[in-house]
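Here are my notes on the charged pairs in this structure. Please read them with the model open.

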Amino acid sequence: MPTTQPPLTAAAIAAVRRGLQVALDGPSGLDDAGRLDAIRALEELACTVSAAQTALTAELADSTAADHEVLGIPADRRGQGVASMVAIARRESPHRGRRHLGLAQVVQRELPHTWSAWRAGRITEWRATVIARETACLSLEHRLAVDEALASDPDAIEAMSERQVVAAATAEAARLDAASLVARRRKAESERCVSIRPAPDTMVWLTALLPVASGVAVHAALTREADTARAQGDPRTKGQVMADELVARVTGDSADRGPGVTLNLVMPHDALLGTSDEPAHLTDLGPIPAELAREVVAGAVASGDEVWLRRLYASPTTGELVAMDSRARARRFPAGLARFIRLRDQVCRTPWCDAPIRHADHVHRHDDGGPTSGRNGQGACEACNYAKEAPRWRARPGPDGSVTTTLPTGHTYSTRPPPIATVRRRALPALRIDYVLTG
C-alpha cells in the first residue's frame, strides 16, 4: 500500500520552523566539522524550501487562472495579481514576485532536470533562475535539450559556478539555435534604461543598462578623461574623476549650465534654519542628513538658482504629512494633490515594494464612487496599481490615514504613510523645496 504524505500546510511548516528555533536557543554542541556539515544541510534544506514555494506558486497561478476563466475574464488578463500576492507572501517587491511566478510557470514542465536538482537541494533558486533566463529565447525542444546537457548530472550542476552555468547554457543555445541569440540580443537592446537606487551613506547607485558597444564606449571615454586628469596632477582618484566627469557631461554643470533639474526635498523648518538636525527626505532616494539638506539649499541659493518653498504640515501625533483634499470630481488627481501624495507616501505603499511612485491611485475605486482626495489617495508603482485592478481585490481607506487591502484569498494587510517629521508636542510645519537648476 502506498503511503499518503501529510499535506504541506502552513501549520506543519511552522512546526518545523519552531523546532529549528528551539535548536537555536543554546549552543549547538557540535564540533567544527559538525557545524560545517549542519551549515551545508541547512543550505540544502533552504534550496528545497524555495522549490516548495515555487511548486505552490505554480498551483496558485493555475487556480487563479481557472477562477478568472469562470468569471469570464479575457484570456490575456487571467492570472492578473498573482505575482503581487506571491510578493506579499514572500515579503518581497512585486518585481521579484513576477520573477518567482515566471520561474514557477516554466521550471517543472520545461526544465525537468533543473527542477529535480533544485528539489533535491543541489542548486539554489537563483541558479535555477539563471538557467531559465539563459534558455528563455529557445523553443521548448531546444530548452529541454539544454536542460538535459546542463543538469542531468546533479553532481556536475552542483559543482558549477554561476558564470560557468551561463557560459555552458549560452554555448549550447548557440549550437542549437544561433538565430535565437540574435533575437534575444535585439530584444535586450530595446530594454536599455537608466535606474537609480539608494546606497549607504547618502549615496546612490545610478545604473545604465546599455548595449555592449555603447557601454564600453562610455566607460572608455570616462577612463580616458580620468587618465588625462591624473597625468596632469589632478589629486582626485581615477574613480572620482570618472564620476565627476559623468555628472558634468550629463547635467552640463560646468562652464555651460544645462536644463533645469528639480529635486523634491522635504524637511522640517527648524532643520532648514539650523536649530535642529532632524533628517530630511529626498524624493526617490529617502532620508538624508539635515546637514546635507542645508548644503543643497545653500548651494542653490549661492549659485543663483531658483528655490521654491511650499509649506506643508505634519501631524503632531504621527509625524505624517496632513492630508489635503480636493474638490475636483475628475478621475485624475490634480497636479498639486498628486504631488502631495507623492511627498507624503515617498515610495509605493505596497508592503516590501520600494519602487518609486508612478501613479496617484484611488484607494476606493473612482468608478465605484471613491472621491479624488488625499485620504482616498495613495502612491503606487505601475505594477501594484495594475495588480489591485485584478478580480476579487479590495481596498479601503481608514480614518487614521491607513489603507487596508484584501487579497482574493482573504488575507489583508494595512499600510500607513511613513512619518516625515519627528513627533513633538506641537504640529511641525515641513517645507517642500523645489531645487531648480536654471540654465
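1. Start with Arg40. This residue is partly exposed, with a relative accessible area of 47%. The cut-offs: buried is under 20% relative accessible area, exposed is over 50%, and partly exposed lies in between (1.4 Å probe, protein chains only).

2. Basis. This is a predicted model, where local features need pLDDT of at least 70 and side-chain atom pairs count only at pLDDT 80 or more, while totals for chains, interfaces and linings use all residues. Residues are numbered from 1 along each chain as its sequence is written, and side-chain values use heavy atoms, leaving out hydrogens and water.

3. Arg40 and Glu158 form a salt bridge, with their closest N and O atoms 3.7 Å apart. Glu158 sits in helix α8 (residues 154-159) and Arg40 in helix α2 (residues 32-70), so the pair ties together parts 118 residues apart in sequence. Helices here are DSSP runs (H or I) of at least four residues, numbered from the N terminus. Glu158 is partly exposed, at 28% relative accessibility.

4. The salt-bridge criterion is a side-chain nitrogen of Lys or Arg within 4 Å of a carboxyl oxygen of Asp or Glu. The whole structure holds 22 salt bridges. A network of them links Arg40, Arg122, Asp155 and Glu158.

5. Look next at Arg90 and Glu125. Their salt bridge has its closest N and O atoms 3.1 Å apart. Arg90 is buried at 18% relative accessibility. Glu125 is buried too, at 14%.

6. Asp244 and Arg236 also meet in a salt bridge, at 2.8 Å from N to O. Asp244 is partly exposed at 39% relative accessibility. Arg236 is partly exposed at 30%.

How values were computed
Helices (H or I, at least four residues) and strands (E, at least two) are DSSP runs, numbered from the N terminus.
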